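Here is a guided walk through one protein model. Keep the sequence and the 3D view side by side as you read.

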Amino acid sequence: MIDKFMRIGEKELYQRDVAVVKEYRNDYYRIVLHSKLRRAGYEDIDGDNDKSDKGKKNTADNGFKLDASISRTRSKIFELAMCNDWDYMVNFTLNKELHNRNDLKNYKNKLCTWIKNYNRLNETDIKYLLIPEQHFDGAWHMHGLMMGLPIEHLTEFRKDEKLPIKILIKVTQGIKVYNWKKYAKAFGYNVIEPIMNAESVAKYITKYISKDLLKTRIDLNDHLFYCSHGLKRSKVIYKGSLSKTFEPDFENEYVKIKTVRSIEEALQYITDGNE
């Protein structure tokens, strides 16, 4: 039997020690050194497509795939969060008097359609990145990021209003927190906060991708997150060998990752410094 993780005939399935440098924005670059990277053209060669394995359970392998899927999804969300100029963090809920809070598919479809119509009627260009989260009682709500929603469409919460304690503390401290009244009328309670630090927010929202969410989404055959079309993505500016080693910000047995803040700093690792 062919060793799928080492060779196919005389050609290796994986390239070894391959660096990928990506530009997220002009002040954020990532250097990722892969211990092994699957070669182009061999993406479909894995145990999932081996019919002889059908019906067999492999807990260790399934656990690895689950962790890998979570890691990929978090990377995608971080990429979308970092590469776009978001204005707000949002928290959307559903009013049980208006909607079935346990029907995520219906909620997602209605919300996406509503935003599309809102843009058309108000001549806005609202874009979003939303991650569903389920309460212990089965009700769904959304966390995420938005841009293009005019500030004049929002109403600032006041400390003399009846507010949840977490929101009241922020408002009392002078932090601006908003209510999108048109969303509230159509769907339910919401909290909208201006973004102060894009990188911190990008890292923060990835925490909503959990094993429980992944298992639930697989069961429902649905996405782990929802986003507008046309969002910016990171750009690969280099793939190959590095000219020098680096001290990683993060590493495991598969990758070493370093973040740098300028193209000049990134180029130090892919040229000999004399070009």
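Predicted model: local features only at pLDDT ≥ 70, side-chain atom pairs only at ≥ 80, totals over all residues.

Residues are numbered from 1 along each chain as its sequence is written, and side-chain values use heavy atoms, with hydrogens and water left out.

Start with the open sheet. It has 5 strands in the order β12-β3-β4-β14-β13, with antiparallel pairing. Helices (H or I, at least four residues) and strands (E, at least two) are DSSP runs, numbered from the N terminus. Two strands pair if DSSP finds at least two bridges between them. The edge strands are β12 (235-240) and β13 (250-251), and each of them pairs on one side only.

Now step across this sheet from β12. Strand β3 (residues 14-25) pairs with β12 over 5 bridges, in the antiparallel sense. Ala19 has Gly240 of β12 as its bridge partner. On to the next pair: β3 and strand β4 (residues 28-38) are antiparallel and share 10 bridges. Here Lys22 is partnered by Arg30 in β4. A hairpin through 2 residues joins β3 to β4. Then β4 runs antiparallel to strand β14 (residues 255-260), with 6 bridges joining them. Find Val32, and its bridge partner in β14 is Ile257.

Is Ile237 buried or partly exposed? Ile237 counts as partly exposed, at 32% relative accessibility. On this scale, buried means under 20% relative accessible area, exposed means over 50%, and partly exposed lies in between (1.4 Å probe, protein chains only). Ile237 and Val21 are 216 residues apart in sequence, yet their C-alpha atoms are 5.8 Å apart in space.

Next, look at strand β6 (residues 127-134). It is joined to β7 by 8 bridges, and the two run antiparallel. Gln134 has Trp140 of β7 as its bridge partner. The hairpin of β6 and β7 has 5 residues between the strands, and in it Gly138 takes a positive phi near 95°. Strand β6 also pairs with strand β11 (residues 226-227), through 2 bridges and in the antiparallel sense. In that pairing, Leu130 is partnered by Tyr226 of β11.

Follow the chain past β11. Ser228 sits in the loop between β11 and β12. At 11% relative accessibility, Ser228 counts as buried. A polar atom of the Ser228 side chain lies 2.8 Å from the backbone nitrogen of Tyr128.

Two other buried residues deserve a look. His141 is found in strand β7. Its relative accessibility is 6%, so His141 counts as buried. The side chains of His141 and His143 are joined by a polar contact of 3.0 Å. Such a contact is a pair of N or O atoms within 3.5 Å; within protein, one must be able to donate a hydrogen and the other to accept it, and residues adjacent in sequence count only if both atoms are side-chain atoms. The other residue is Thr73, in helix α1 (residues 59-83). Thr73 is buried, with a relative accessible area of 9%. Thr73 and Leu224 are 151 residues apart in sequence but 7.6 Å apart in space, C-alpha to C-alpha.

Turn to helix α5. Asn197 caps its N-terminal end: a side-chain oxygen lies 3.1 Å from the backbone nitrogen of Glu199. Which residues of α5 are buried? They are Glu199, Val201, Ala202 and Ile205. Seen down the axis of α5, these buried residues fall within an arc of 165°, so they line one face of the helix. The arc is that of the directions from the helix axis to the C-beta atoms. An α-helix has 3.6 residues a turn, so residues three or four places apart point the same way.

Finish at the second largest pocket. Its lining has 24 residues, and Asn91, Ile167, Lys170, Val191 and Glu193 lie nearest its centre. The elements that give two or more residues to this lining are β5 (88-92), β7 (140-147), α3 (165-172), β10 (190-194) and α5 (198-205). β10 gives the most, with 4 residues. On a 1 Å grid over the protein atoms alone, a pocket is an open set of points where a 1.4 Å probe fits, with protein on both sides within 12 Å along at least five of seven lines; lining residues have an atom within 4 Å of a point.
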